[in-house]
Amino acid sequence: MCTYIIAILPAAVSTSAILSVCDPQRFAFEPLDPPSAVAPLRVDEIGYRATRGRCDCGTALGEAHGGPGGREREIVRRAQRLARRKGWSPARVARWAEQIDHNEQEREGLARAGETAALAEWCGLVRAVIEQRTSPQIGLLRHDGHDQAPILRRDKTRLAQLSQEQLRGFENDVLYEYVR
Ligand SMILES: [Zn+2]
């Protein structure tokens, strides 16, 4: 099941104006096909696939609900399995677990840096659209799956409240509407 980021804009807004204030290599703003792929929309709204990729799996938006977690438990389980199989001493198991933990922390640090960069990109998009008055508002919605994305509720967010934390906290099928 793939994840998609859907953007909602007022029908009067031209997507070429939007693409002029963001990275067109990264963002597409292609109208949804069919337009009913997100519902219910107001008559003066149009839904778009925000990005160029085939899907948005692994997106940083909403990551707060799908974070890694459980790393330590997994390391302890692996250490215990290994110790049983190889007859290691507790001290040796502890050293091994410490090394693994260190390596994983390094990997997680890299993943976090990537996530921060991705969130900064979304922040930049919303800010550019609103601050340069390309559109009075822009809505973003995260949806998992190919079926119709139901707008469960709308959450109006002022630009001053936009932050990476807010974007990380996206819930599926909630339309976050950013306004000045
Ligand atoms: Zn996917």
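This report walks through the fold of one protein chain, starting with its overall outline and ending with a single residue.

## The overall picture

What you see above is a predicted model. The protein chain has 4 helices and 8 strands. If you follow the chain from the N terminus, its elements come in the order β-α-β-β-β-α-α-β-β-β-α-β.

Now for the outline. The C-alpha trace spans about 70 × 30 × 25 Å along its principal axes. The radius of gyration of the protein chain is 21 Å, whereas a compact globule of 180 residues would have one near 16 Å. Buried residues account for 22% of the 180 residues. Take the contacts between residues at least 6 apart in sequence: 70% of them join residues at least 24 apart.

## The sheet

Six strands line up in an open sheet: the 6 strands have the order E2-E4-E1-E5-E8-E7, and their pairing is mixed. At the edges sit strand E2 (27-31) and strand E7 (153-158), each of which pairs on one side only. Neighbouring strands are turned by 30° against each other on average, with direction ignored.

Let's go through some of the pairs. Strand E1 (residues 3-10) and strand E4 (residues 45-51) are antiparallel partners, joined over 5 bridges, and here Pro-10 is found opposite Glu-45 in E4. E5 and E8 also run antiparallel, with 4 bridges joining them; Ile-138 has Tyr-178 in E8 as its bridge partner. E7 and E8, on the other hand, pair in the parallel sense, over 6 bridges. In that part of the sheet, Asp-155 stands opposite Tyr-176 in E8.

## The helix H3

H3 is built from 42 residues, and from its first C-alpha to its last it reaches 59 Å, close to the 62 Å expected at 1.5 Å a residue. This helix lies across E2, strand E5 (137-144) and strand E8 (174-179), and it runs at about 150° to E5. After H3 comes Arg-133, which has a positive phi, near 55°.

Which residues of H3 are buried? They are Leu-119, Trp-122, Leu-125, Val-126, Val-129 and Ile-130. The cover over these buried residues includes helix H1 (15-19), E2, E5, helix H4 (164-168) and E8. As for the spacing, an α-helix has 3.6 residues a turn, so residues three or four places apart point the same way.

In soluble globular proteins, nonpolar side chains tend to be buried together. In this model, the largest nonpolar core has 29 residues, and those touching the most other members are Ile-6, Ala-7, Ala-50, Val-126, Ile-138, Leu-140 and Leu-141. E1, E2, E4, H3, E5 and E8 each supply at least two residues of this core.

Zoom in on Leu-140 for an example. Leaving out residues up to four places away in sequence, Leu-140 touches Ile-5, Ala-7, Ala-50 and Tyr-176.

## A residue on the outside

Finally, find Glu-98, which lies in helix H3. Why does Glu-98 count as exposed? Because Glu-98 has 12 other C-beta atoms within 10 Å, and a residue is exposed if that number is 12 or fewer.

Conventions:
Residues are numbered from 1 along each chain as its sequence is written. This is a predicted model: local features need pLDDT of at least 70, side-chain atom pairs count only at pLDDT 80 or more; totals for chains, interfaces and linings use all residues. Two strands pair if DSSP finds at least two bridges between them. Axes are lines fitted to C-alpha atoms, for helices over the stretch in contact, and angles run from 0 to 180 degrees between N-to-C directions. Two residues are in contact if their C-beta atoms, placed from the backbone, lie within 7 Å. The expected span of a helix is 1.5 Å times one less than its number of residues. A residue is buried if 20 or more other C-beta atoms lie within 10 Å of its own, exposed if 12 or fewer, and partly exposed in between; C-beta atoms are placed from the backbone. The radius of gyration is taken over C-alpha atoms; the globule rule is 2.2 Å times the number of residues to the power 0.38. A nonpolar core is a set of buried Ala, Val, Leu, Ile, Met, Phe, Trp, Tyr and Cys residues joined through C-beta atoms within 7 Å.
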